[in-house]
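Subject: Structure handover

Hello,

Here is the structure for you to open. My notes follow below it.

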Amino acid sequence: MAQYAVPIRLSWTGTVMANFRAVHTKFWADHKVEPLSKGAKLLFLYLLTNPYRTSSGLYPITRNRAAQDCSMTVEEVDSALEELAGAGLTLYDDETSTVLVLNAVKYLQRTKQMRTSVVNDVTYINSPLAERLVNLHQLRQWEEWTDEAELVLSSRKAKEDWKDDETPF
């Protein structure tokens, strides 16, 4: 009997996501982390290290998934997300169930492969937070930024401006 190899996609962009993430010991003494509640600290650590996280820190994850993985209620996750947003650490878009860890890109090794991965995340993850990431880290200045990436973001923005009862032509 013949056996066939079945390709496995490990992420929606076709790239292998890291299965190891180092957290610096300074995490606990960081001036933004130290005053957080224990729920917000746990959720932030989870958002930094979970298996769904991308290089860019922009990725889809439901509040229910985070609640289940962190043994929290959805209400506790909501409260922690608000606290993290208030501290300038993360943003969450309910409409697309997408999180953005604001400074994830800042701590990446700036290799060509890593920059390409970040640009791919912005291009393929359909969320208004993508534009926020692009502006925050000035991705348009990276050599990996392409006309195609700009076109994708531009077409999303145009679509977001449509009203529900409008036809876009």
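First, a term. On a 1 Å grid over the protein atoms alone, a cavity is a set of points where a 1.4 Å probe fits but cannot get out, while a pocket is an open set with protein on both sides within 12 Å along at least five of seven lines; lining residues have an atom within 4 Å of a point. Grid points are joined across faces, edges and corners, and a volume is the space filled by probe spheres set on the points.

This is a predicted model: local features need pLDDT of at least 70, side-chain atom pairs count only at pLDDT 80 or more, and totals for chains, interfaces and linings use all residues. Residues are numbered from 1 along each chain as its sequence is written, and side-chain values use heavy atoms, with hydrogens and water left out.

**Cavity**

The structure has 1 cavity of 30 Å³ or more. The largest cavity has a volume of about 30 Å³. Its lining includes Leu43, Leu47, Ile61, Arg63, Val77 and Tyr92. Helix H1 (38-49), helix H2 (63-70) and H3 each give two or more residues to that lining. Helices here are DSSP runs (H or I, at least four residues), and strands are E runs of at least two, numbered from the N terminus. By class, the cavity lining has 8 nonpolar, 1 polar and 1 charged residues. Ala, Val, Leu, Ile, Met, Phe, Trp, Tyr, Cys and Pro count as nonpolar, Asp, Glu, Lys and Arg as charged, and the others, Gly among them, as polar.

The largest pocket holds about 930 Å³ of space. It is lined by 28 residues, and the closest to its centre are Ala22, Leu48, Asn103, Ala104 and Tyr107. H1 gives the most to this lining, with 3 residues. The pocket lining divides into 14 nonpolar, 8 polar and 6 charged residues.

**Aromatic pairs**

The whole structure has 2 aromatic pairs. Rings of Phe, Tyr and Trp (its six-membered ring) pair if their centres lie within 6.5 Å; planes under 30 degrees apart count as stacked, over 60 as edge-to-face and the rest as tilted. The rings of Phe27 and Trp28 have centres 4.7 Å apart and planes at 85°, so this pair is edge-to-face. Phe27 and Phe44 have ring centres 5.8 Å apart and planes at 20°, so they are stacked. Phe27 lies in the segment before H1 and Phe44 in helix H1, so the pair ties together parts 17 residues apart in sequence. Phe27 is buried (under 20% relative accessible area; exposed is over 50%, partly exposed in between; 1.4 Å probe, protein chains only), at 9%. Phe44 is buried too, at 6%. Trp28 is partly exposed, at 48%.

**Alanine 85**

Ala85 is in helix H3 (residues 74-86). It is partly exposed, at 35% relative accessible area. Not counting residues up to four places away in sequence, Ala85 touches Thr90 and Leu91; contact means heavy atoms within 4.5 Å.

**Confidence**

The predictor's confidence in each residue is its pLDDT, from 0 to 100. The chain has a mean pLDDT of 84, and 80% of its residues reach 70 or more. Confidence is highest in H3, at a mean of 98, and lowest in helix H6 (residues 147-160), at 78. Over residues 1-16 the pLDDT stays under 50. Residues 162-169 are also below 50. Where pLDDT is low, the predicted coordinates should not be read in detail.

Best wishes
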